[in-house]
Amino acid sequence: MGQKGTKLSALRVRFLGKVIKLAMAKPSVSFLTASFLLSFLVGFGYYRIVVTSFLKPELGFVGCRPDGEGSWSIGIYYGKSPFTLSPIELHEKKINVNNSAWPVANPVLTCAHPSLAGFPSNFVADPFLYIQGEMLYMFFETKNTITLKGDIGVAKSSDQGATWQFIGIALQEKWHLSYPFIFTYQNQIYMMPEGNKKGQLRLYRATNFPLKWALEKVLINKPLIDASMIQYNGFYFLFGSDFTRPGTEKNAELEIWYAKTPLGPFIQHKQNPIYKFNKGLGARNAGRLFIYQGNLYRPGQDCKITYGKKVKLFRVEKLTFDEYEEVEVELGFGKNPKKGRNEWNGNRFHHFDAQQLASGDWIAVLDGDRVQSGDATWRSLIGWLSFGFVGVVIWFLGFINGSLSFQSFNYSRVLRFNPRLNLKLRKLFNGFNKHGCYIREKINPSKTWLGLFTFCVFSLICLVTICISVQFLHGKNGAETAYDYNNIYSQFTMVTMTYEARLWNLKVYIEHYSKCESVREIVVIWNKGAPPDESKFDSAVPVRIRVEKVNSLNNRFKPDPLIKTKAVLELDDDIMMTCNDVEKGFRVWRENPRRIVGFYPRLIDGDLVYRNERFARGKNKYNLILTGAAFLDREFAFEKYWSEEAKKGREFVHENFNCEDLLMNYLYANSNYSYNNDNLDFSERIVEYVHPAWAIDTSKLSKVAISRNTQKHYDVRTKCLNKFKELYGPLRSEKVEFGIRKDIWDK
């Protein structure tokens, strides 16, 4: 170390010595220092243990940032009529096996689409369809991450909306744009976006569809919001909202204009404004008006609780130049989702555009959001207020134990330029100290039991508030969202096996996992006893009880034609983990659908002795995944397990009531189930591990679990390994090191 380094070390030691001396000389300094360190440790520990368990990794691109307006994305629905629409995942839309999107699930368009294409976006909303033969075009608002204003983006789909390719920005102005209402008139394609900041309703014409547009004319010199147009009884009626109209409530005004052509000139309806109060009524438009079976329908937004809470649908009873009447009708879809923030439209949806296809069926695009308007702002506010409250509680604790007083600081230094204010503050705090002495005497933790109790209670409140502050400031929106693969989402079915003695476990299991975004259905294999009523479970997804005649572990992998997803998650009812970890596992399986992807790794060495995960960690390798918590390709796995080849293995499993997971690994490893993708040979590597942030296995606490006696359980499984080697040969599964993924999900 050089002379300079020696001097720096000496200065550090001298500074540390002064701090220690100051802390010993002034109890207030030592108390505040200790409180700060303890608060930091609690907050940091909570962040590492709890908050990070639910956070998705940072995105590798600019865009999709938290936004006060929300996190809107877009989904697609199909139906025989606009009143029987259902989401794409219920129509079994499938993408090729390499993508493992079986079925494709909503949302089909998110902020990632424009962001990955080089157009950073915080959210996408207000979608409108333009159908051109077999090609679908979608125009929508995309909020620019950098300028924080809306532009009009466009994407196209050649597979009826299952996948979308972002093409580019169709329209961009110096002001905010949204609600790109698009239509055709006299073989020309027009767009009428909202641009109320300009104070005009403008009409644009496509000069080179879909990316080139030119201003055609200003239709109305008013800042109309969410304007839609419909041809009805020989005239074009334009519906919109002007919140600058005197005496109107925001999101509660509706007015109508009409003209002989969509190019104008437009004349005001005599009843304007149609509505001007009650923002929960549905006055503000929520998409394109449409005609079905001779009736005209108008979608409107219910903004009573929050902006864009839901869509209401109205049937127009009378529409003339002088009169307008409408009645609310049942929308038929879009009921409040049960997964809350974990679902792409779990909190609100405020726009839909329904159109009829050439086949006669209907298609619609909807937008949805996980959170209410202003959620990011409120979370930040609550976080900082909680942080401030922690400071107040720490001061109170220091005051009652005598470490702090209202004279702990020299106000004459702070306010030396204002002696009068300094004097007033000193008098005020002296008064506080005078009255506070009595309180401190009564609740001093070192003198009275009441004081000790008070100190402990407020300390606990302080620690809890620290965790609340960290959660709101760093926990983002609190949602455990699905992970896309190649910008496409999908779903899986959960399968668990149980019987009447474990019913209490099952109820907690279903309530928790049904809220995971990618879960489509939970199938319960009921092996013994009277099955429960499916309707009694508190579940956000359908629950199906499959009653078996024979109590056998082989039932776990029995082919089930009612399962509609390619992926199944076999998960024991005594294992609890976060939805975020489950979604990670599903994402990894979609990358490698020919593998067993799970959360409990094991290493089987040449001696064929079954050991726990600690052994695999010690060797830094694994070659087997326990299927009590693993994703599988149901078609291959179930058919292989129930093939004639596996018959003797199944008999051994049934006889020992154990080892069905080991048998599945042997069948995978010793089959000709090879599949090459990215130069990886799946016939060699058939397992992949995903490290859960935390997982609770309650099997050791149960009196009925087969693994409650660990050594006996391991002895049986060692016997299974030797038997399966005898039947199927050695476990030809590549030994894989931990921590080789770039995202370190397998650490």
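Student: Which residues does Leu571 touch, not counting residues up to four places away in sequence?

Tutor: A word on the source. This is a predicted model, in which local features need pLDDT of at least 70, side-chain atom pairs count only at pLDDT 80 or more, and totals for chains, interfaces and linings use all residues. Residues are numbered from 1 along each chain as its sequence is written, and side-chain values use heavy atoms, with hydrogens and water left out.

Leu571 touches Met494, Val495, Thr496, Tyr509, Tyr513, Met577, Gly628 and Ala629, leaving aside residues up to four places away in sequence. Contact here means heavy atoms within 4.5 Å.

Leu571 also belongs to the largest nonpolar core, which has 81 residues. Such a core is a set of buried Ala, Val, Leu, Ile, Met, Phe, Trp, Tyr and Cys residues joined through side-chain atoms within 4.5 Å. Buried means under 20% relative accessible area, exposed over 50%, and partly exposed in between (1.4 Å probe, protein chains only). Phe492, Met494, Tyr513, Leu571, Phe631 and Phe724 have the most contacts inside the core. Helix 13 (residues 660-669) gives the most to this core, with seven residues. Helices (H or I, at least four residues) and strands (E, at least two) are DSSP runs, numbered from the N terminus. Apart from this core lies another, of 34 residues, among them Tyr130, Leu171, Ile189 and Leu203.

Stay with helix 13 for a moment. Asn665 lies in this helix. Asn665 is buried, with a relative accessible area of 0%. Beyond four places in sequence, Asn665 touches Ile596, Leu624, Ile625, Thr627, Ile686, Val687 and Leu731.

Four strands form an open sheet in the order 4-5-6-7, with antiparallel pairing. Two strands pair if DSSP finds at least two bridges between them. Strand 4 (121-132) and strand 7 (165-171) are the edge strands, each pairing on one side only. Strand 4 and strand 5 (residues 135-144) pair in the antiparallel sense over eight bridges. Gln132 has Met135, in strand 5, as its bridge partner.

Last, helix 2. Ser28, Phe31, Ser35, Ser39, Gly43, Val51 and Ser53 are buried in this helix. The cover over its buried residues includes helix 4 (375-400), helix 7 (449-474) and helix 9 (579-591).
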